[in-house]
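Please walk through the model below one feature at a time.

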Amino acid sequence: MVSLVMMTTGLPQATDLFCSWSGGKDICLAVHRSYDIGGRLRAGLTMLDETGERSRSHGLPRSLLEAQAEAMGIDLVFRSATWGDYTDAFVDGLEELNARGLTTGVFGDIDIESHRQWVVDACERAGVTPMHPIWQEDRRALVDEGIARGIRSRIVVVNTNHLPESFLGRELDAETVEAIVAAGADACGENGEYHSLVTDAPLMTHPLAVDVQNTIRIEGYAFHQLAFAADRSV
């Protein structure tokens with residue numbers, strides 16, 4: 001396993017990496033951190049729901065995830081799964097990346113140990129090495145760093161037990177972060193208060209335009225059903 005010491009001392013120059021790509025701000029910042037120490041992202045693994053149409057956690061359409069990947073110049077490996085067979089499908093995707101020669105992966109976990117341990121166990125099964133570039137850092141500081149680096153994202157999922165639905169669609173800028181904190185929620189959304197979609201970042205060649213098609217409300221969550229606006233620039 002890549003140690004936290006290694007994260008500060010650097011990687012061999014231009015080390016090829018994959019990442020667990022959700023489309024959100026935390027993994028995007030983690031990837032940028034990996035570039036700081038010599039990494040180069042070549043591919044991502046994204047988990048879809050059992051229909052294969054939308055991402056498992058953020059509800060993002062496959063076309064939008066592919067547009068993000070194209071803007072970053074990487075390939076995406078997709079796997080579809082229910083929550084019941086999620087781990088096995090995830091490991092299968094990791095094994096494909098391993099077979100491509102990508103043996104080190106970037107993950108965006110911050111400080112929930114059970115999440116990190118799940119990643120470590122899955123990577124061990126697949127014979128790959130996990131990196132956690134933002135592990136155990138201050139949540140608010142990470143959000144602020146992402147904004148300062150020029151990572152632009154918008155809120156696409158809200159847990160309405162913690163935040164009002166009115167936060168849906170807001171750009172995650174300094175004003176929005178202050179409003180999240182004022183509402184009593186975690187600035188980073190690490191406890192599931194919200195999920196984000198990255199629309200622009202330094203590693204992307206161009207920003208993405210998205211359209212809101214609908215709002216879905218289910219089991220205490222509100223989702224923006226989004227579509228990639230291929231015929232419209234930002």
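A residue is called buried when its relative accessible area is under 20%, exposed when it is over 50%, and partly exposed in between, with a 1.4 Å probe and protein chains only. This is a predicted model, in which local features need pLDDT of at least 70 and side-chain atom pairs count only at pLDDT 80 or more, while totals for chains, interfaces and linings use all residues. Residues are numbered from 1 along each chain as its sequence is written, and side-chain values use heavy atoms, with hydrogens and water left out.

Helices (H or I, at least four residues) and strands (E, at least two) are DSSP runs, numbered from the N terminus. Take helix α7, residues 174-182, where Thr176, Val177 and Ile180 are buried. These residues cover an arc of only 100° around the axis, so they are on the same side of α7. The arc is that of the directions from the helix axis to the C-beta atoms. On the face of α7 turned away from the buried side are the exposed residues Glu175 and Ala182.

Next come the aromatic rings. Rings of Phe, Tyr and Trp (for Trp, its six-membered ring) pair if their centres lie within 6.5 Å; planes under 30 degrees apart count as stacked, over 60 as edge-to-face and the rest as tilted. The structure holds six such aromatic pairs. In one of them, the ring centres of phenylalanine 90 and tryptophan 118 are 4.8 Å apart and the planes are at 45°, so the pair is tilted. Phenylalanine 90 belongs to helix α4 (residues 86-99) and tryptophan 118 to helix α5 (residues 113-126), so the pair ties together parts that are 28 residues apart in sequence. Tyrosine 221 is partly exposed, with 30% relative accessibility.

Phe90 and Trp118 belong to one aromatic cluster together with Trp83 and Tyr86. The ring of tryptophan 83 also has a charge over it: the charged end of arginine 56 sits 5.0 Å from the ring centre. A charge sits over a ring if NZ of Lys or CZ of Arg is within 6 Å of the ring centre and within 35 degrees of the ring normal. The charged end of arginine 116 likewise sits over the ring of tryptophan 135, 5.7 Å from its centre.

On a 1 Å grid over the protein atoms alone, a cavity is a set of points where a 1.4 Å probe fits but cannot get out; a pocket is an open set with protein on both sides within 12 Å along at least five of seven lines; lining residues have an atom within 4 Å of a point. Grid points are joined across faces, edges and corners, and a volume is the space filled by probe spheres set on the points.

The largest pocket holds about 1400 Å³ of space. Its lining has 43 residues, of which Ser22, Ser57, His58, Trp83 and His195 lie nearest the centre. Strand β9 gives the most to this lining, with four residues. The lining divides into 18 nonpolar, 17 polar and eight charged residues. Here Ala, Val, Leu, Ile, Met, Phe, Trp, Tyr, Cys and Pro count as nonpolar, Asp, Glu, Lys and Arg as charged, and the others, Gly among them, as polar.

A search of the whole structure finds one cavity of 30 Å³ or more. The largest cavity has a volume of about 110 Å³. It is lined by 13 residues, and Lys25, Leu142, Val143, Gly146 and Ile147 lie nearest its centre. The elements that give two or more residues to this lining are α2 (25-36) and α6 (139-149), and α6 gives the most, with four. Nine of the lining residues are nonpolar, two polar and two charged.

Finally, some loop residues. Glutamine 136, in the loop between β5 and α6, has a phi near 60°, a positive value in a residue other than glycine, and is exposed at 58% relative accessibility. Glutamate 219, in the loop between β8 and β9, has a positive phi near 50° and is exposed at 74%. Arginine 54, in the loop between β2 (39-48) and α3 (62-72), is buried at 19% relative accessibility.
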